[in-house]
Amino acid sequence: DINTVSHVSIDNYTAGVDAVQHLINIGHKKIAMISCDNGFLSTAQRENAYKDTLRKNRIEFKSQYLTKMESDYGYRTGIRSMNYLLNLKEPPTAVFAVSDIVAIGAMQAIQKAGLLIPDDIAVMGFDDLDVASLYNPPLTTIYQPKEDIGRLAMELLDKKINGIDTGYESIFLEHELRIRKSTVK
């Protein structure tokens with residue numbers, strides 16, 4: 001239970017809002033989300049941010065635009081889900097992927113279909129893995145300070161191991177929207 005165990009992360013909900021709001025701000029209304037069925041709290045928070053941000057901007061949430069075909073943040077999840085979205089009667093003009101690896105799978109499917117990124121479909125990732133800035137086009141994504149998260153989590157664990165009762169600690173670090181050419185030219 002997240003309310004009884006100390007944890008370190010970013011605010012996945014707020015980061016998800018920032019990601020979807022960016023797509024709306026650049027003019028998109030047909031926005032899909034490629035998620036997965038993994039039971040992670042972070043996944044649920046990103047999905048809720050997606051739905052809430054659409055509603056807040058008076059954009060109808062369409063269930064066919066939220067895909068959850070797989071259970072992992074994998075490359076194939078992105079390919080399969082994007083192929084499904086491309087075959088809809090009204091395909092999306094933008095996609096928010098639950099992770100960078102999923103986003104890159106989606107980008108491959110878009111490019112294989114002969115479509116252009118971001119001209120035909122804009123793509124937003126999440127994590128800012130090294131590959132995100134190296135991909136063509138470079139991926140717009142949410143950066144999270146992985147090293148700081150890991151270091152702080154180890155410090156909390158070290159205190160527990162050494163019998164230092166810090167109680168329950170919930171530490172949220174900053175995230176950053178990194179805008180690249182997968183969403184804007």
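This note covers the sheet and the helix packing of the structure above.

1. The model is predicted, so local features need pLDDT of at least 70 and side-chain atom pairs count only at pLDDT 80 or more, while totals for chains, interfaces and linings use all residues. Residues are numbered from 1 along each chain as its sequence is written, and side-chain values use heavy atoms, with hydrogens and water left out.

2. Four strands form an open sheet in the order β3-β2-β4-β5, with parallel pairing, where strands (E, at least two residues) and helices (H or I, at least four) are DSSP runs numbered from the N terminus and a pair requires at least two DSSP bridges. Because β3 (66-67) and β5 (122-124) stand at the edges with a single partner strand each, one side of each has no neighbour in the sheet.

3. Strand β2 (residues 31-34) runs parallel to strand β4 (residues 94-97) and is joined to it by four bridges; Ile 34 stands opposite Ala 97 in β4.

4. Helix α3 packs on the sheet, touching β2, β3 and β4 (contact means heavy atoms within 4.5 Å), and its direction makes about 150° with that of β2; axes are lines fitted to C-alpha atoms, for helices over the stretch in contact, and angles run from 0 to 180 degrees between N-to-C directions. Helix α1 (residues 12-25) lies across β2, β4 and β5, at about 170° to β4.

5. The axes of α3 (residues 75-86) and α4 (residues 100-112) come within 6 Å and cross at roughly 45°. The residues of this contact, among them Met 82 of α3 and Ile 104 of α4, divide into 10 nonpolar, five polar and no charged, with Ala, Val, Leu, Ile, Met, Phe, Trp, Tyr, Cys and Pro taken as nonpolar, Asp, Glu, Lys and Arg as charged, and the others, including Gly, as polar.
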